[in-house]
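Subject: Structure for you to look at

Hi,

Here is the structure I promised to pass on. Please open it alongside this email, and then read my notes below.

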Amino acid sequence: MLQFLIRRLIGAVVIMFLIGAFTFFLFYTVPQDFAALSCGKNCSPENLAVIRENLGLDKPITTQFWEFMTGIVAGRDFPQGHCSAPCLGVSFDSGNFVWDSIVDRFPLTLSLTVGGLVIFLTLGLGSGLLAAWKRGTVVDKVVSGASIVLSSFQIYLLGPIVLGILVYSSGIMENPKYHPFTENPGTWALGLLIPWVVMATIFTAQYTRMSRSTMIEQLQEEHVRTARAKGMSQRYVFFRYAWRGSLIPIVTILGIDLSALLAGAVVTEFTFDLPGLGRLAVDSSLTKDLPLTMGIMLFGAFFILILNIIVDLAYAYIDPRVRLS
Amino acid sequence: MTTLTKTEGDKAPTGPGSFLSVRDLRVRFSTEDGIVKAVDGLSFDVERGKTLGIVGESGSGKSVTNLTVLGLHNPKSTTVEGEIILEGRDLVTASEKEMEKLRGNKVAMIFQDPLTALSPYYTVGRQIAEPFMKHTGASKREARERAIEMLTKVGIPQPRTRVDDYPHQFSGGMRQRAMIAMALVCDPDLLIADEPTTALDVTVQAQILDLLKDLQQEFGSAIIFITHDLGVISDMADDLLVMYSGRAVERGSVREVLREPKHPYTWGLLSSMPRLGGDTSQALNPIPGSPPSLLNPPSGCPFHPRCAFTDKVSGNRCSTERPALGEGRAAACHLTAEQKQTIFIDTIQPRLR
Amino acid sequence: MSDNLTLPAQQGSTGASTEALLKVEGLTKHFPIYGGFPIKRKVGAVQAVDNVDLTVGVGESVGLVGESGCGKSTTGRLITRLLEPTGGKIEYAGQDITHAKRKQLAPVRSEIQMIFQDPYSSLNPRQTVGTIIKSPMEVNGINPAGGREKRVRELLELVGLNPEHYNRFPHEFSGGQRQRIGVARALALNPKLIVADEPVSALDVSIQAQVVNLLQKVQEEMGIAFLFIAHDLAVVRHFSQRVAVMYLGKVVEVGDRDSIYNRPRHPYTHALLSAVPEVAMDDETENRERIRLAGDVPSPISPPSGCRFRTRCWKAQDKCATEEPPLVQISGNRENHLTACHFPEEPSIEARSEDVVMDPALKALEKDGDVPKG
C-alpha cells in the first residue's frame, strides 16, 4: 500500500513537471511581445528594455524555463524582492507574485467546491439510496423524475432564478458573499449557501440517478443474495453489502467529475459575482497575463492530481482486492 | 384445449418422516415478454437427515424452486402459489421477519460459484460469523471462535490466520469450503446446495462432495442437492426428482431412477451422457431438439415435442393431456407400465452399455 | 490456392495413422508478470505451458485433458498460433510454423481451425449466420464451385441447421445451435485439423451429446484431425483415440484411450479418473478406486520443483523434488503409452484395499471408520 502511494506521488511529480513544461513552451512560443504588453501604451524603448530585463525575457528560452522550474522548488529573486518557494513568477499586469494572488483567491473557490461537494454527495447519494430502497414505488418515481428534470438545468440559468426569488424580490437572504471560514463559520456558510445549493443541484441529480442504478445492480449480486440467505435483515444487507459495492462506481465517477466541479466553480463565481480563482483565471487570460494564467493552470492541475490520489486511496479502502494485490 | 389434470399435490398428506414438504408449488415471473411459468405444480418431500437430489437442465426450474423455499425470489415480479411446509409451518405465507429467523439458521444454502457468492468486501471469518451472531446471539469473540472451528472442520489449513483473509485470497476449492462452513455454522436442519461443485475442478469436486457427505453424517442435516450432473447425484442423493420445464417428471430412490428409469426424458438424459465405462464404439443418443421456452410451454406433456415414444400412446393424449406424477416411485408419462418396461429393456438399456 | 486444400479422403476414419500432421516439441509459453518497486519490471512468469510434446496424426482425434490452469487451452491457442510461443517447435505437415509470419502462415491458417467454448461470445452478434460462415472464405480468397453462398447453405445442412436460416442472427439460435454454427464456420475452409477448446462444456447435457455426435461425424466422415481439449474425462474418452493428461503446464501421461482410462500409471491420472462422478448403472461401476487429493492445484507462477504433482501425491519421495521425471514409456507400459513418473501406480483402476485420502478434513471426519458410500 505504501509502495503504491509512493509510486503514485512520484508519478504525480513527473506529471506536474510535464504539465509545467508543456504550458511554459506553449505560452512562450506564441508570437507575442510580453514586455510590450506589460509596458502599456506610452512605452519608450528604454522602458521596454528595463521591463524585459526585469521579467527575464531577454534570456534564452531554456534559461527562462530553468529559472521558472527552479523557482517553483526553491524560490526566486525578482527586482520586487524575494519570491519564496512555490514561486510561479510575477504577474505582468499587477506586478504581484502569482502565488500570492492564487492564495488570496483560493479559499473562496475551495469553499465553493467543498461545500457543493458535501451537499450534492449527501443529497444525491441519499435520495438515490432512498429510490433504490423503495424501488418501483411512488417515492422512487418522484425521485427519479425530479432528478431527470433537475439534471437539465444549468448553473447560469438556475442561479439568477434563485437569486431573483430569495434575494431581490423577497429579501429573505442577502446577496452571496464570501466571509473567511476562520472569522465566523456561520456567516461563511450563510454567505455561500445559495451558490452551493445551485451548484449542487446540477450534480445532485446525476448522483441520484447513479447511486440508484448502482444500488439496484448491486442488490442483484450473488453475494448480496447469499447474505440474505444467511438470514441477515434487508436493511443490513442493503447498507453493509450492496452499499459497499456500489461505492466503487460512484468513487470512479467522482474522480472524473472533480475537474468538472472546478469548472462548475468558475461558472458559479461568475453567476454570483464572487471573486474566486476562476474569475482570476478568466481575467488573467483576458489581460494576457501569462504568468498568472500559467500559475493558475499548474495550481489546478496539482489540485486535481492530489484529489485523484485520494480517490485511489478511497478505492483501496473500499475494496480489499485493490488493497491486497 | 389443454386439460390440466388435477395435480397430485393436494391429496398427499405430509409424510411422518418428512421435514419439508412442498405441495403443488407454482412460481410465475412476469417479464417484459410475458409470464414465465418457472415452476408449475411441483410436489416433493424431504426427510430428516436424507438427501434429495433434484436433477434437471437449465430452465427446468430446479434453482427457482429452492430460492422460493427460502423466500429469496423477488416478491414484486413473482407470484408463488401452493404450499411449502417446514415443520408444520407454511413458508409461502410466512412474514419476512419469520423467514429471516429461518434462513441461515434452520435452512441454509450453498451456491454454485463461491467467488461471486461471497462478498469481496468482508473477511471470510466475518461472513461466517455474521449468521452465528444473528441467530444465536453470540458475541463477536464467540462467533469468531466458532468461525475458526468451522474452518477447521471443512479443512482450511491454518484456520486461525485464514479466518482474517478475504475470499479473493482463497483458491476456488477453499472458497467453496468456506461457503459450506458458513452454511453449517448454525447447524441447520436443511441444507440446500445449488450446483455446489459445478464451478470446481473434478478432483476438487470429489473432495467437496465427500466433505458434504461426511459433514451430513456429523450434523445430521437433510440436504436438497440440485445439479445437472447425473453422476454427481448418483453419488450424493438418497432420493431423486427429475425436473423438466418447471415440473417433476420422475421420482424415486436414486437407485430406482437411475437403474430402472421410467420417463422418456430420464432415458434421454442417461443415454446422451458418455460414461467412463461406456462403449465408445457406440454413438451417443442425444435428445433431439432443445428445452422448451417457459414463456410458452408445450401443451399436455411438456416433453412431448422431443419424445420418441408419443406414437405408442393412443390418440394425441401426449399433446393434450398433462400426465400426472403419482405417489412415491412414479413417472409422469402416459405410457403404460408394461410399455415402459418393454421400451426400457429393448431400446434403452442396450444404449447404456 | 483452393486446389491444394482437398481433403485426404476417408483417411483417419480407422484410427491413428502413422503420418504426423501436427508435431509439437518442447512447446513452452510463459506469461510475464510485472511488478516490483519503484520501477515496474518483469518479476516472474506464469509458466502456463512448459516443455510439451504432442503429436496429432492425419485424421486422428487426440484428447487433451486436465483441470483449470493446467495449460490445455493455452496449448490449443499456441498451436493455432493465436498466441506466440515462448519456446519449442510447432511443425504442421512437415513445415515449421512456430514463429511463421502472417504471410507464411496464411495457407496453414485455413487448414487449422478452432472451435471455441462459449457459443454466445464467439459469434459476432451483429452479423448474420451467413456472413459469419462466409467470412473465412472471403478472408482467404476461396471461391468454391457454385459460389460461397451455396457452400454456406451446404455447411448449414451438414451441421444440422436449416439452410433457410442463412440470414438469421446468432441470438435467434439456442446454445446448441450456435455451437453448430461455430462448427460450420470451422469447416468452411476444409480444414485438416480442428482445435476444439471445450466445445461442449457450456451446453446442457442433452445438447452436449448432439454436438459431440456432430463433431464425431465430421471427424470420421471428413477425415479431419482433432485436438479435443476438455476437462470432462468421459467426453474426451468418448471422442478421442489418444489422450494426453496435463498438469500444471506439463503432459504427465499420454497414450491410447485404453491405456489412459483402464491402465493409467501416473498417480494424477488415477486421481482424476477416480474423481469423475459416475452414474452407478450396476454394481460393477461402484468397484472403482477412491482417491481424494488435498487442496487445489498450486500456482503456475512458482510450480513445485522436480515433479510438479509431488506436492499433492501420496507416493512422493525425495527424488520427486529434485529430479523431474521424463515422459517415457516406463516398464509395464504398452507401446506409445508414456508416463512422467518416478514411482508409477499399478495399471488398474479397481478399488484398493485402502482408499487414498489426502484431504485433512476428510481424514479427520472419516477417522472413526464411517467411510461414506461411493
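Which residue takes a positive phi in the hairpin of strand 9 of chain C and strand 10 of chain C? Look for Leu248(C), with a phi near 50°. This hairpin has two residues between the strands. One caution before going on: the model is predicted.

**Chain C: around strand 10**

Strand 9 of chain C covers residues 242-247, and strand 10 of chain C pairs with it. The pairing is antiparallel and runs over six bridges. One pair to find is Tyr247(C) and its bridge partner in strand 10 of chain C, Lys250(C).

Strand 10 of chain C spans residues 250-256. Is this strand mostly covered or mostly open? Mostly covered: six of its seven residues are buried. Strand 10 of chain C also pairs with strand 12 of chain C, residues 338-339. That pairing is antiparallel too, over two bridges. There, Val254(C) stands opposite Leu338(C) of strand 12.

**Chain B: two domains**

Chain B has a domain 1, residues 17-244, and a domain 2, residues 261-351. Their centres, taken over C-alpha atoms, are 30 Å apart. How many residues are in contact between them? On the domain 1 side there are 10, and on the domain 2 side 12. Two elements of chain B each give two or more residues to the domain 1 side: strand 2 (34-47) and strand 9 (239-244). Strand 2 of chain B gives the most, with four residues. By class, this side of domain 1 has five nonpolar, two polar and three charged residues.

**Where chain B touches chain C**

Here 51 residues of chain B are in contact with 45 residues of chain C. Several helices of chain B give two or more residues to its side, among them helix 7 (172-184), helix 8 (202-219) and helix 11 (264-271). Which one gives the largest share? Helix 8 of chain B does, with 13 residues. By class, the chain B side has 21 nonpolar, 19 polar and 11 charged residues.

**Chain A: an overview**

Chain A has 13 helices and two strands. Its C-alpha trace spans about 85 × 60 × 35 Å along the principal axes. Of its 325 residues, 32% are buried. Now take the contacts in chain A with a separation of 6 or more: 66% of them join residues 24 or more positions apart.

Best wishes

How values were computed
Residues numbered from 1 in each chain as written. Chains lettered and ligands numbered in written order. Predicted model: local features only at pLDDT ≥ 70, side-chain atom pairs only at ≥ 80, totals over all residues. Domains from an automatic or database assignment. Contact = placed C-beta atoms within 7 Å. Nonpolar A, V, L, I, M, F, W, Y, C, P; charged D, E, K, R; others polar. Buried ≥ 20, exposed ≤ 12 C-beta atoms within 10 Å, placed from the backbone. Pairing = 2+ DSSP bridges.
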